[in-house]
Every structure is written in structure tokens, then in C-alpha cells.
Amino acid sequence: MSAARHESSRYQILALSGGGFRGLFTADYLRRCEEAHQTPIHGRFDLIAGTSIGALIAAGLALGRPASELCAAMTNYGPKIFARSLMTLPKRLLHAAPYRTAILEEAIEAVLTPQGAARRLNEIDQPLMITAVNYTRGTSTVFRSRGLAQAQASTVTVRQAVLASAAAPTFFPLQKLETDQFADGGLVANAPDLIAITDTIAGRRAALDDIYVLSIGTAARREGAALHERPLSPSILSWFFVRGLVQTIMAAQEDLAIRTAAQLLGERHLRIDEEPAQQQVEAIAELDRASARSIETLISLAAKAFERTGQNRRLRAFF
């Protein structure tokens with residue numbers, strides 16, 4: 001266990017889901033936690049795990065950045081990263097990933113600082129876990145910091161790990177690390193809860209009965225991707241760009257991971273999320289919507305979630 005942050009019998013995991021720009025909900029909820037409890041997030045958890053946008057937030061927290069600064073950076077860079085135009089959809093359909101990795105790298109440096117982004121995971125003492133998919137080999141990948149894996153820690157930089165975890169299909173290019181290409185960790189672990197739990201047990205860092213997980217979502221609909229009353233034999237293009245096949249896959253396996261983690265831990269697993277009202281769905285329906293309305297909606301949902309859960313004894317126990 002890392003430094004004594006809480007009673008010794010608790011091994012506390014913070015698990016942050018993927019969800020594109022909707023991760024602003026996650027960051028703002030954590031900002032409210034830090035302000036309410038007057039304590040930095042990284043000082044309260046024995047492991048911080050994240051996928052995709054959750055990986056970026058997790059890395060920032062692990063490096064000691066206040067959640068308020070993560071929110072500010074995301075609000076500033078989100079509209080630049082996801083600068084939509086009339087050519088965005090045609091480009092996704094016919095040509096290439098529509099969004100530039102270079103702007104995403106700028107955002108990563110703004111969140112982590114250039115020095116933080118350039119640090120290798122085997123130099124970081126805070127326990128950090130980032131998930132990705134090795135597209136070249138067709139396998140899952142878990143990047144681990146020195147504080148988590150000691151001598152077996154990953155040698156990639158934080159920037160490389162976050163870019164790999166956030167390389168969402170049809171949105172961003174694959175990320176190449178040495179000879180292999182990597183894609184969004186959300187394809188296998190959009191909610192990293194279950195991986196974090198099993199990795200903790202396998203690494204003998206804590207017994208199952210001592211593990212407590214605070215899991216935070218991204219204000220997704222309970223059904224995941226939007227449902228469509230359309231014919232039951234959709235085309236390839238319809239599957240991907242009308243019915244949202246990738247989002248549906250991510251939502252379904254996230255639901256399975258959350259349910260399984262809750263079965264394993266019972267009340268020691270606390271999931272925080274806030275389903276948007278029907279009139280809010282459109283503003284945040286897509287992973288790449290970063291308009292002023294989207295920002296306002298996500299912050300409003302984070303406020304509502306914290307109002308509903310902020311005094312929950314199980315949440316307060318983490319802080």
C-alpha cells in the first residue's frame with residue numbers, strides 16, 4: 001500500500017471511465033470533491049485507473065494536478081480538439097480520422113504540464129493504471145506506473161500512454177509505439193473498475209475484502225448509445241454512423257464491468273454518474289461534442305450529481 005492516506009484496512013481505487021469530451025463531467029465532479037473536502041484527490045487513493053479521457057484525468061490527478069485545473073484545460077481545449085465542420089462526417093466516412101493528434105497533445109501538455117507529459121511511467125511513484133488496445137496484436141494492454149508495478153512498470157511516457165488510450169476509432173488516428181499500433185482502451189475496458197480490482201488482487205497489494213472502489217462515469221444514458229426504431233438489417237455505414245456501434249460496444253461492456261465489480265464488492269463499490277434529462281441528451285449525445293451548450297450541460301450534470309451524492313457516507317469515507 002502507498003503512503004498512509006486512510007485507515008490501513010482500506011485499499012482505495014479511483015476508476016475513471018472513458019467518454020470523449022463527456023469526461024468534463026468526471027473532472028468537474030472531482031473538482032467538487034476536492035473543494036468540499038479540502039484535499040487533493042491523489043492523496044486519498046492507493047490506485048488511480050483511467051480509460052481514454054479517464055486516462056488523461058487519472059494521469060493529471062496522479063501527477064498532483066488539482067481537478068479544477070483539469071476542468072479549465074478541458075474547457076479550453078475541448079472545442080479546439082473537436083472542431084467540427086461540414087467535412088467532419090464525410091471525412092470519418094471516406095478518408096481518415098477527422099481530429100488531429102497534435103491538438104490533443106497540446107491539451108495533454110496543458111493538463112499534465114510538458115514535464116509531466118514527458119515523464120516515463122517507470123519514473124512515477126503514484127500508483128497509476130491506463131488501459132489501451134494493442135491493435136497490431138489484437139490484445140489488451142495495461143500501462144502501469146512504478147508506484148504500481150515497481151520493476152515491471154511500463155517504459156512509455158505518460159503522453160504516449162494517454163494518446164494510446166484515447167485513440168478512439170473513427171475519431172483519432174491509431175497511436176504507434178515502437179512497432180505496434182494502439183487504439184482506445186474503451187474497446188475493452190471503458191470502465192477500468194474490474195481490471196483495477198483483479199490487478200490489485202493478482203499483485204497482492206490488497207485482499208478482495210479490503211478493496212474499495214470509487215467509480216465515476218461520464219453522464220451517459222443508461223441505455224448507452226441512443227436507440228433507433230429502424231429496420232433490423234442495417235448496413236455497415238448505418239451500424240457505425242447511425243446506430244453508433246462503437247459506442248454501443250463500449251456502453252455494453254462498461255455496464256458488464258460495473259455490474260461485475262458491484263457483485264464482487266457490494267457496498268464497497270460506489271458508482272457515480274448522472275443520466276441526462278431528455279432535453280439534455282442532444283447536447284452531449286456524441287463523444288466529440290464540445291460546444292458551449294455541451295460544457296454547460298456537463299457542468300450542470302456534475303453539480304446535480306454532487307448535490308445528490310456529496311453527503312453520501314460511502315463517498316465521504318473515501319476522503
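The structure holds 17 salt bridges, a salt bridge being a side-chain nitrogen of Lys or Arg within 4 Å of a carboxyl oxygen of Asp or Glu. The model is predicted: local features need pLDDT of at least 70 and side-chain atom pairs count only at pLDDT 80 or more, while totals for chains, interfaces and linings use all residues. Residues are numbered from 1 along each chain as its sequence is written, and side-chain values use heavy atoms, with hydrogens and water left out.

Among the salt bridges are these pairs:

| Pair | N to O distance |
|---|---|
| Asp125 and Arg146 | 2.9 Å |
| Asp273 and Arg271 | 3.8 Å |
| Glu274 and Lys304 | 3.9 Å |

Helices (H or I, at least four residues) and strands (E, at least two) are DSSP runs, numbered from the N terminus. Asp125 is exposed at 55% relative accessible area, and Arg146 is partly exposed at 31%. Buried means under 20%, exposed over 50%, and partly exposed in between (1.4 Å probe, protein chains only).

The side chains of Glu274 and Lys304 meet in a salt bridge. This pair links distant parts of the chain, with Glu274 in the loop between β8 (269–272) and α13 (278–284) and Lys304 in helix α14 (residues 292–309), 30 residues apart. Glu274 is buried at 6%, whereas Lys304 is partly exposed at 47%.

A network of salt bridges links Asp28, Arg31, Arg32 and Glu35. Asp28 belongs to helix α1 (residues 23–37) and is buried at 3%.
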